[in-house]
Amino acid sequence: MHNKTLISLRGAGVSYDGHVALEGVDLDIYDDDFIGVIGPNGGGKSSLAKAILGAVPHSGTITIDESLRHGNHYKIGYMPQVSQFDRRFPISIEEVVLSGLQSDKGFFGSYRTADRRRAAQLLDEAGIGDIASKPIGEVSGGQMQRALLCRAIISDPRLLILDEPTNFVDSRFGRELYAMLQRLNDRMAIVMITHDVGTISSVVKSIVCVNRHVHRHDSNVITPEQLRNYNCPIQIISHGDIPHTVLCHHEGDGCTDHAHDNSL
């Protein structure tokens, strides 16, 4: 049983220049959630996150609980994809992390010593404390991804939204990231957009399939049959005693499975 509803979407939709990215979305996000958002490329996963963040116009209603309000903004942390961040901007890794406090400080606000200590602590935990002073244009994609995660959580949000957080990072940091997120989930709800379906099944609590429409599955196990029912044509790669790949793609109004046993 969930404790409190933080975000409620009813009949929500997002369109870009006449193209419908999402329609008829009914979805609740609770304060104890750890949701993995999956779906095909172009299916509307990022549009869902941006609609919740108020970053794109939407139809229908999106209700944010007052417990998330903090002054003139909401306690929601967001980690964008690295490709959405302008690496030419002349700031350091430390300044990227501190910018996560901008809604509290204002554009010209100054950072306290405690803020800088907190940023340094997060960067150390992410394994990149030694590059805090480096310009963002001189670091790797994986290092930038870690800095963006620190930026998203420095304000200690009640809801954390991550868009493909394991892009550009090695498998070791991927494991460290998931462990860190599980610890963070003790004090904040998490919504994570990902293609890493095989791994997240052991990390998240619920799965949301997005392909223009949205279907919530209150379990961390997703089967090809469920994906068919959800009209969610994605590739599943499983690792275990019987590794396999299931490919599902549309043929007319239906969906046909092609299953292959592969040694991975």
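Which residues line the largest cavity? I would like to start there, keeping in mind that what we are looking at is a predicted model.

A search of the whole structure finds two cavities of 30 Å³ or more, and the largest cavity holds about 60 Å³ of space. Its lining is made up of Leu27, Ile35, Val37, Lys45, Leu48, Ala49, Ile52, Val191, Ile193 and Val208. In terms of elements, strand S3 (34–38), helix H1 (45–53) and strand S9 (189–193) each give at least two residues to the lining of the largest cavity, and the largest share, four residues, comes from H1.

Let me turn now to the sheet. Three strands make up an open sheet in the order S2-S1-S4, with antiparallel pairing; its edge strands are S2 (19–30) and S4 (59–64), each of which pairs on one side only. On average, neighbouring strands of this sheet are turned by 15 degrees against each other, direction ignored. Strand S1, residues 5–16, pairs with S2 in the antiparallel sense over eight bridges, and Ala12 stands opposite Val25 in S2.

The structure holds zero disulfides. Cys150 counts as buried because its relative accessibility is 2%, under the 20% cut-off for that class, and Cys209, with a relative accessible area of 1%, is buried as well.

Methods. Residues are numbered from 1 along each chain as its sequence is written. This is a predicted model: local features need pLDDT of at least 70, side-chain atom pairs count only at pLDDT 80 or more; totals for chains, interfaces and linings use all residues. Side-chain values use heavy atoms; hydrogens and water are left out. A disulfide is a pair of cysteine sulfur atoms within 2.5 Å. Buried means under 20% relative accessible area, exposed over 50%, partly exposed in between (1.4 Å probe, protein chains only). On a 1 Å grid over the protein atoms alone, a cavity is a set of points where a 1.4 Å probe fits but cannot get out, and a pocket is an open set with protein on both sides within 12 Å along at least five of seven lines; lining residues have an atom within 4 Å of a point. Grid points are joined across faces, edges and corners, and a volume is the space filled by probe spheres set on the points. Two strands pair if DSSP finds at least two bridges between them. Axes are lines fitted to C-alpha atoms, for helices over the stretch in contact, and angles run from 0 to 180 degrees between N-to-C directions.
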